[in-house]
Amino acid sequence: MAKAMQEEAQVRSTRVYLELIERGIAEGECGDRGEFFEAMAALMHGDVDLATERFRHAQRHLPPPFGAMASYGLARCEVMRGRSGVAMRVFKKLATCDAPAEIRRLAWLEVEALAITRDDRLTRRKAREALDQLDGELKPVPTGTT
């Protein structure tokens with residue numbers, strides 16, 4: 001019963017976020033970041049192909065950090081499309097670029113996860129080393145704020 005209530009709350013929350021994104025796009029509040037939010041909305045609607053197209057375009061045209069976030073979204077879409085090789089290349093490029101440390105950390109986590117599924121121990125070790133180094137750079141989040 002509690003699990004069903006939790007799932008229902010998550011569905012409502014997702015619907016609220018989607019409505020806010022779509023309203024912001026329609027009212028022009030997203031400005032030059034609109035394409036990123038259009039990709040997010042497409043993904044939330046389950047249209048992975050459209051989201052892939054929008055993320056691909058946004059990663060090339062948007063300033064930081066939205067370009068990097070679009071690259072992450074693009075790679076996640078490629079994973080969903082069963083194209084793990086393409087996703088791995090995008091994640092590796094993102095993990096080693098000048099994106100914010102938090103985004104690079106997410107990319108390294110994805111590289112590590114894909115390496116595990118491929119039984120690629122060398123890439124997994126490199127990802128783990130990079131994650132350990134990044135963890136030393138990132139400031140811890142104060143307890144009670146998440």
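Helix α7 has 17 residues and, at 1.5 Å a residue, should span 24 Å; its end C-alpha atoms lie 25 Å apart, which agrees. The expected span here is 1.5 Å times one less than the number of residues, and helices (H or I, at least four residues) are DSSP runs numbered from the N terminus. This is a predicted model, in which local features need pLDDT of at least 70 and side-chain atom pairs count only at pLDDT 80 or more, while totals for chains, interfaces and linings use all residues. Residues are numbered from 1 along each chain as its sequence is written, and side-chain values use heavy atoms, leaving out hydrogens and water.

- Thr 123, Ala 127, Ala 130, Leu 131 and Leu 134 are the buried residues to look at in α7 (buried means under 20% relative accessible area, exposed over 50%, partly exposed in between, with a 1.4 Å probe and protein chains only).
- Seen down the axis, the buried residues of α7 fall within an arc of 105°, so they line one face of the helix; the arc is that of the directions from the helix axis to the C-beta atoms.
- On the other side of α7, you will find Arg 121, Gln 133 and Gly 136 exposed.
- The cover over the buried residues of α7 includes α5 and α6.

**Nonpolar cores**
- The largest nonpolar core has 21 residues, of which Phe 91, Leu 94, Trp 108 and Val 111 touch the most other members (a core is a set of buried Ala, Val, Leu, Ile, Met, Phe, Trp, Tyr and Cys residues joined through side-chain atoms within 4.5 Å).
- Two or more residues of this core come from each of α4 (66-80), α5 (84-95), α6 (101-118) and α7 (121-137), and α6 gives the largest share, seven residues.
- Leaving aside residues up to four places away in sequence, Val 111 touches Met 88, Phe 91, Lys 92, Thr 123 and Ala 127 (contact means heavy atoms within 4.5 Å).
- A second, separate core of twelve residues includes Phe 55, Phe 66, Leu 74 and Cys 77.

**Aromatic cluster**
- Phe 55 and Phe 66 also belong to one aromatic cluster, together with Phe 36 and Phe 37.
- Phe 36 is buried, at 7% relative accessible area, whereas Phe 37 is partly exposed, at 21%.

**Loop details**
- The peptide bond from Pro 64 to Pro 65 is cis, with omega near -5°, and Pro 65 sits in the loop between α3 (48-61) and α4.
- Asp 119, in the loop between α6 and α7, has a positive phi near 55° though it is not glycine.
- Asp 119 is exposed, with a relative accessible area of 54%.

Methods: Phe/Tyr/Trp six-rings, centres within 6.5 Å; stacked < 30°, edge-to-face > 60°.
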